[in-house]
Amino acid sequence: MGSKRSDIHDRVLNADSLEEIEKAYREWAEDYESDLVDLAGYVAPAICADALLNCLPDNSATVLDAGCGTGLVGERLAEAGVARIDGLDYSTDMLKRA
């Protein structure tokens, strides 16, 4: 991992309060997707979305993405035709990007 990404990741993992987590994600929000997906090859959102798509009876279901971050899972679900996706996250900066 790059130094900025590594530093923020470590701060999130070692945080003692919600405020520390929020501050770290606020600083990371702009680069989060490029850091994880483009640079680190992060595939968990795609795997999670695909697993859910295999379980959905149809695309009219409403999906709640808890801890949605910048919306990577929701984006994949929307591309597959899921029309109603609600996202929740502690970080308002991440939600703005979603």
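Guide: A crossing is left-handed if the near helix is turned anticlockwise from the far one by less than a right angle, and right-handed if clockwise. Helices (H or I, at least four residues) are DSSP runs, numbered from the N terminus. This is a predicted model, where local features need pLDDT of at least 70, side-chain atom pairs count only at pLDDT 80 or more, and totals for chains, interfaces and linings use all residues. Residues are numbered from 1 along each chain as its sequence is written, and side-chain values use heavy atoms, with hydrogens and water left out.

Visitor: Which hand does the crossing of α4 and α5 have?
Guide: Helix α4 spans residues 44-55 and helix α5 spans residues 72-79. Their axes (lines fitted to C-alpha atoms over the stretch in contact) come within 8 Å. The crossing of α4 past α5 is right-handed.

Visitor: Are α4 and α5 roughly parallel or oblique to each other?
Guide: Their axes cross at roughly 45°, with angles run from 0 to 180 degrees between N-to-C directions. Under 35 degrees is roughly parallel, over 145 roughly antiparallel, 65 to 115 roughly perpendicular, and the rest oblique. Therefore α4 and α5 are oblique.

Visitor: How many disulfides does the structure hold?
Guide: A disulfide needs a pair of cysteine sulfur atoms within 2.5 Å. For Cys68, the closest cysteine sulfur is in Cys48, 13 Å away, too far for a bond. The structure's disulfide count is zero.

Visitor: Is Cys68 buried or exposed?
Guide: Buried means under 20% relative accessible area, exposed over 50%, partly exposed in between (1.4 Å probe, protein chains only). Cys68 has 10%, so Cys68 is buried.

Conventions. Helix = DSSP H or I, 4+ residues; strand = E, 2+ residues; numbered from the N terminus.
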